[in-house]
Amino acid sequence: MTPSHPKRLLVIATIASLIPRGVAFTSCRHYNAASAAGSANKLSMFAIDTSLSSHRDHQRQFTSDLDTSLEWLAKERQDNDDNYPIDWMDTHITIASSQSTPTDNKEETLRVPLYPLTAVYTPHSGENHTLVNTEPRNVQMASDLVAGKWGDRSLFCVTLRARDTNRLASVGTLMRLIDTEDRSISGARTWPGDILPTLNRVVVTCQAVGIVDFVNVENGYNLAESEYRIANVRLRSFTNEATKGKTEEMDSITNQIVTDYQKVRSTYINSQSLASNELPKFARKAVHELPDLTTLNDELDYWKLVDTWQVLCNTIRQAKQTQLQGVINEISVQVAMEAKGPLELPVKRRNLPENVQKQLEEMEQSAAADYVELGMEPILDFQEILSMNESLDRVRKLAAMIKRERARLEAKESLIRAFLTELE
């Protein structure tokens, strides 16, 4: 039978719906347009730096954009793991993280600008990151760093902000500013011709250079529009220790990581695999550029692989976002066209019938739950890695993440082969 046989195409097209949740779905996401274009730089996840507030009760709801920066989701994981490493803090409280190792050495305490994000950056990979700043406080922060207000090293700190509680992870990443570019937009007009206010937009190129534990946040509340937060942090020491030959267990785990990663990579770059063909074209191009891996010799090799794996998770999430939004848009437009009166574009969800709005919300919640079960989300898993103190724990965590994805992909391909065999 040829690949164009109708029954074979039907099996391939519907196979995902026949595999149990957590096995069938291909997660989707990617670190933004830069990765989609094959660039080495990775954009931040449209992080919105809104005013932080204290911890409050919240419903266990997913976001419509498959964002997993949710404290309630982390809490669910914590309930099943006595050693769960992520701690959260309110910005007005001096904290001592249970994962940190406080020291009396004042030279290791840094006072730096703080940039809360709904994203996680891991250090030591050597890759450049791009942050697009439109919030007045973040534009001001970039300006102050360039002007040397914070010293010659131009250091600032980013940390994960939970979208549901606005609390901050107590372990963050130290960033070094490399370059800035003013991409402000002025002179834009509305459709009637009114001139719009200038949109200040500063693009920052930076590198993640270390892991920090928070001591406190000096100005957590009641900030002026252009006032950014300032944090006191302790920089964790980093030595590029060898992983190869360190212990028998470490060698065993790192060897398995290499084997599992190579299998995942070969599946995604195989144009005939279901994993590859389920992705949109931009995501297929991105995963085809996954680097080869033959060994993990030291800590730097490890962090480079963590960065690579996060790029894959981000790519898959954005692909999933694109697929979900396509379905939502199609339903919305179809319902709007069936309504009486002229069609208004873009279709606003609030103008749709209530039962349709509820249907769309249920679809988004279901898709998000399926996505989380994939184990390929780019935020909480990487915050866990960032928060861990011991290198062996970090290696174990990454090994489990890659092993799970390999098992999922192999289960899908195996089921497809079984169906095709039956057809023949």
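These legends describe close-up views of a predicted model. Local features need pLDDT of at least 70 and side-chain atom pairs count only at pLDDT 80 or more, whereas totals for chains, interfaces and linings use all residues. Residues are numbered from 1 along each chain as its sequence is written, and side-chain values use heavy atoms, with hydrogens and water left out.

**View A. Packing of helices H5 and H11.** Helix H5 (residues 248–269) packs against helix H11 (residues 391–423) at an angle of about 35°, with the axes 9 Å apart; helices are DSSP runs (H or I, at least four residues) numbered from the N terminus, and axes are lines fitted to C-alpha atoms over the stretch in contact, with angles running from 0 to 180 degrees between N-to-C directions.

**View B. Salt bridge between arginine 396 and glutamate 249.** The closest N and O atoms of this salt bridge are 2.7 Å apart, the term requiring a side-chain nitrogen of Lys or Arg within 4 Å of a carboxyl oxygen of Asp or Glu. Arginine 396 in helix H11 and glutamate 249 in helix H5 are 147 residues apart, so that the pair links distant parts of the chain.

**View C. Salt bridges of arginine 406.** Arginine 406 pairs with aspartate 260, their closest N and O atoms being 2.7 Å apart, and also forms a salt bridge with glutamate 410, at 2.9 Å. Aspartate 260 is buried at 3% relative accessibility, whereas arginine 406 is partly exposed at 22% (buried is under 20% relative accessible area, exposed over 50%, partly exposed in between, with a 1.4 Å probe and protein chains only).

Notes:
Helix = DSSP H or I, 4+ residues; strand = E, 2+ residues; numbered from the N terminus.
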